[in-house]
Amino acid sequence: MSRPEEISPPEIFYGDIEATKYTSNTRVKSIQAQMTRRALELLALPEDETAFVLDIGCGSGLSGELLDEAGHVWVGCDIAPSMLEVALEREVEGDLFLQDIGQGFGFRPGTFDGAISISVIQWLLNADSTSHSPAQRLTRFFTTLHSALKNPSRAIFQFYPSSDDQVQMIVNAAQRAGFGGGLVVDYPNSKKARKMYLCLMVGQQEIPKALNGDEMEVDEGASLGMKKRREEILNEKRRRKDSAGGKKGKKSKKDMVAKEWIMKKKELYRSRGKEGVPNDSKYTARKRKVYF
Amino acid sequence: MYIVNVENCTKDNFPLSFSEVELVIRPAPENLEFIQRFLPKLDWSALVDTARSLGDESLPEQMPDQWTDDQLKALHHVLMELHVEEGNMTCRGCGHVYPISNGIPNMLLAEHEVGR
């Protein structure tokens, strides 16, 4: 997987070409839409009510479109002018800001009913200039965001961490800023479909309830993975049982006749698609004549 | 335009004042319920001042206790339909100018201006 954040800073990486590419690519679009839907699900805004949502790193407004569909009013901010230009061309509904999220927000306290951010906060972990300090930028980002959100509310971030250390760093910064909540990992066992959502809660009196809600969500998110995991464990058990049974009941390796063993190996290689496995014939595994 | 009213300077000076503005009115579907819920979030006097500086006199000086539909509609107009396309926002505290172009305010700060 190539990581755009390792190539250049966001405002440069998402230049004119990359911005139009990003928006016209149907695969990117569908993945974005999928993640936004999931994020909205986790955000759990009250049904049938128009909410005021902040889209952090809105880019060309792909996720904003879904917010519109859900009937919410949104404000987007992004650091890449080209992406915002594309958003203007697409005539998105929300208001747009050109802003560096690492510098913090200037919104009035308690403004937003929720915040979402799709594939953004991993960018914060880069130091693109000498004055950038990822830890400081993260702290500033989370503290200002915490105050901009109303009480109670949630913020959902989908992100691609490149290591566990990064996850730890982000979670720590969020907790220090006063957020509750935790990490929701969808499809944890799949390399491709695995998605990390940071699910943050604002609100003191809400904490027990929010924690419950969060736990349920964690379960829900993890349950997909847990199921797989359980199956795996079962499989493992069965395999062990089989091999244990094999030792007692079936012939062990030593007892196997040479021909059987060779045939088994060949079968295995063929099933693995190995090239150059010799054909079977009547000479297969025959002993050679002793010439002396 | 409501974005401006939720905006607060990093140096805690609110609201930002406008200059050289170019206004555009884009009709938006009315959602009075949403506006009603938005009320507690507003700093009323700041909003009225800003609206007046932009030439909209429809808002009353004091925040009404009982809202009529007309008042809500006026508020909806100010908050949702009035957009600043071009212009500058100036922070009253530090004098920093945030330019607006194409309706997008540029909130980028130089590194030394970032509040700690």
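A residue is counted as buried if 20 or more other C-beta atoms lie within 10 Å of its own, as exposed if 12 or fewer do, and as partly exposed in between, with the C-beta atoms placed from the backbone. The structure is a predicted model, in which local features need pLDDT of at least 70 and side-chain atom pairs count only at pLDDT 80 or more, whereas totals for chains, interfaces and linings use all residues. Residues are numbered from 1 along each chain as its sequence is written, while chains are lettered from A and ligands numbered from 1 in the order in which they are written.

By the criterion for burial, buried residues make up 37% of the 292 residues in chain A and 27% of the 116 residues in chain B. Helices (DSSP runs of H or I, at least four residues) and strands (runs of E, at least two) are numbered from the N terminus; chain A holds nine helices and seven strands, and chain B holds four helices and four strands, which follow one another from the N terminus in the order α-β-α-α-α-β-β-β. Two residues are in contact if their C-beta atoms, placed from the backbone, lie within 7 Å. Among the contacts with a separation of 6 or more, residues 24 or more positions apart account for 70% in chain A and for 67% in chain B.

Two packed helices are described by the angle between their axes and the distance between the axes. In chain A, the axes of helix α2 (residues 16-24) and helix α5 (residues 81-89) come within 8 Å and cross at roughly 45 degrees, the axes being lines fitted to C-alpha atoms over the stretch in contact, with angles running from 0 to 180 degrees between N-to-C directions. That angle makes α2(A) oblique to α5(A), since angles under 35 degrees count as roughly parallel, over 145 as roughly antiparallel, 65 to 115 as roughly perpendicular and the rest as oblique. On the α2(A) side A:Asp16, A:Ala19, A:Thr20 and A:Thr23 take part, and they meet A:Ser82, A:Met83 and A:Val86 of α5(A).

Helix α9 (residues 258-272) of chain A has 15 residues and, at 1.5 Å a residue, should span 21 Å, which agrees with the 21 Å between its end C-alpha atoms; the expected span is 1.5 Å times one less than the number of residues. The count of buried residues in α9(A) is zero, and the helix is hardly covered. Just after α9(A), A:Gly273 takes a positive phi of about 80 degrees.
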